[in-house]
Amino acid sequence: MTDEHHDRPHRAAVDIGPRLAPLPEDGWDPCTRELLAPIPRDTDGTLAHVFTTLVRHPGLFRHFLPFGSHLLRDGRLPDRSRELLILRTACNTRAGYEWGRHVPLARDAGLTDEEIRRVGAGPDAEGWPPADARLLRAADELHRDATLSSATWSALATDHDEAQLIEITMLVGQYHMVAFFLNSAGTPLERDYATEILPAPAGADAAEGAHRDA
């Protein structure tokens with residue numbers, strides 16, 4: 001890896017507004033209704049915008065949903081580990097929608113509000129148990145280098161089996177892919193989740209990131 005790649009800065013996602021608007025329910029055709037039917041609705045009776053936007057590509061949606069649902073609901077990682085990896089990936093990709101939707105899931109998985117805020121500071125922040133710091137470092141390495149270092153792989157292997165090691169890499173990759181889509185499409189965060197604000201990136205780019213997020 002070149003130094004330029006290794007030190008890639010965290011860029012804030014630009015607020016572009018929705019380039020692809022979520023499909024309103026009164027505009028769903030029978031195929032769309034079939035594809036969206038299995039998805040749980042939010043408390044206000046609507047579906048998350050990520051689904052009502054992605055369903056504009058029905059063929060892709062039909063194959064995406066089982067894979068994403070398996071990682072989210074039926075994976076081998078503990079819920080806390082999964083949400084730590086997703087929240088750190090949301091920080092790294094500046095995916096405010098991803099962050100906003102997963103903060104409640106992280107709370108349900110046992111993360112405290114202080115720990116959720118600390119995710120933005122990364123694996124070297126004071127207070128992380130070693131197991132949590134290893135997961136956050138894995139998310140950072142995969143984001144930055146597209147691989148896990150030998151040291152991080154070996155450390156993770158002390159408390160994860162082979163299937164879980166595979167899942168760590170696939171989970172982070174999945175949520176990078178989703179972040180690319182959300183950020184590029186300008187998918188708006190639902191009003192009930194809009195209070196969950198993506199933390200500014202730690203380090204030298206923090207001021208720049210906070211300015212761009214404003």
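# Salt bridges and helix packing

Reader: Which side chain meets that of D124 in a salt bridge?
Author: The side chain of D124 has its salt bridge partner at 2.5 Å, N to O. The partner of D124 is R137.

Reader: How many residues apart are D124 and R137?
Author: D124 sits in the loop between α7 (113-119) and α8 (130-145), and R137 in helix α8. Helices are DSSP runs (H or I, at least four residues), strands are runs of E (at least two), and both are numbered from the N terminus. The pair links distant parts of the chain, and its separation in residues is 13.

Reader: What pLDDT do side-chain atom pairs need to count in this predicted model?
Author: Residues are numbered from 1 along each chain as its sequence is written, and side-chain values use heavy atoms, with hydrogens and water left out. In this predicted model, totals for chains, interfaces and linings use all residues, local features need pLDDT of at least 70, and side-chain atom pairs count only at pLDDT 80 or more.

Reader: What is the relative accessibility of R137?
Author: Buried means under 20% relative accessible area, exposed over 50%, and partly exposed in between (1.4 Å probe, protein chains only). D124 counts as exposed because its relative accessibility is 66%. R137 counts as partly exposed because its value is 27%.

Reader: How many salt bridges does the rule count?
Author: The pair D124 and R137 meets the rule. Over the model, the number of salt bridges is 17.

Reader: How far apart in sequence are the parts that R76 and D161 tie together?
Author: The side chains of R76 and D161 meet in a salt bridge (2.9 Å, N to O). R76 lies in the loop between α4 (58-73) and α5, and D161 in the loop between α9 (150-157) and α10, so the bridge ties together parts whose separation in residues is 85.

Reader: Why does R76 count as partly exposed?
Author: D161 counts as partly exposed because its relative accessibility is 32%. R76 counts as partly exposed because its relative accessibility is 48%.

Reader: In which loop is D159?
Author: R134 and D159 form a salt bridge through their side chains (2.8 Å, N to O). The pair links distant parts of the chain, 25 residues apart. R134 is in helix α8, and D159 is in the loop between α9 and α10.

Reader: Which residues does R134 contact, leaving aside its neighbours within four places in sequence?
Author: Contact means heavy atoms within 4.5 Å. The C-alpha atoms of R134 and T152 are separated by 6.8 Å, although these residues are 18 apart along the chain. Beyond its sequence neighbours within four places, R134 is in contact with T152, A155, L156, T158 and D159.

Reader: At what angle do the axes of helix α5 and helix α10 cross?
Author: Axes are lines fitted to C-alpha atoms, for helices over the stretch in contact, and angles run from 0 to 180 degrees between N-to-C directions. The axes of α5 (residues 79-93) and α10 (residues 162-185) come within 9 Å. They cross at roughly 40°.

Reader: How are α5 and α10 placed to each other?
Author: Angles under 35 degrees count as roughly parallel, over 145 as roughly antiparallel, 65 to 115 as roughly perpendicular and the rest as oblique. α5 and α10 are therefore oblique.

Reader: Which residues of α10 make the contact?
Author: α5 contributes R82, L85, I86, T89 and T93. From α10 come I168, L171, V172, Y175, H176, A179 and N183.

Reader: How many residues in the contact of α5 with α10 are charged?
Author: Ala, Val, Leu, Ile, Met, Phe, Trp, Tyr, Cys and Pro count as nonpolar, Asp, Glu, Lys and Arg as charged, and the others, Gly among them, as polar. The contact holds 7 nonpolar and 4 polar residues. The charged count is 1.

Reader: Is T89 buried or exposed?
Author: T89 is in helix α5. T89 touches E98, A139, V172, Y175 and H176, not counting residues up to four places away in sequence. Because its relative accessibility is 1%, T89 counts as buried.

Reader: Which residues of α10 make the contact with α6?
Author: Helix α6 (residues 96-108) and α10 pack at about 120°, with axes 8 Å apart. The two helices are therefore oblique to each other. α6 brings Y97, E98 and H102, and α10 brings Y175, V178, A179 and L182.

Reader: What share of the 214 residues is buried?
Author: The protein has 11 helices and 0 strands. Buried residues make up 44%.

Note on methods: Salt bridge = Lys/Arg side-chain N within 4 Å of Asp/Glu carboxyl O.
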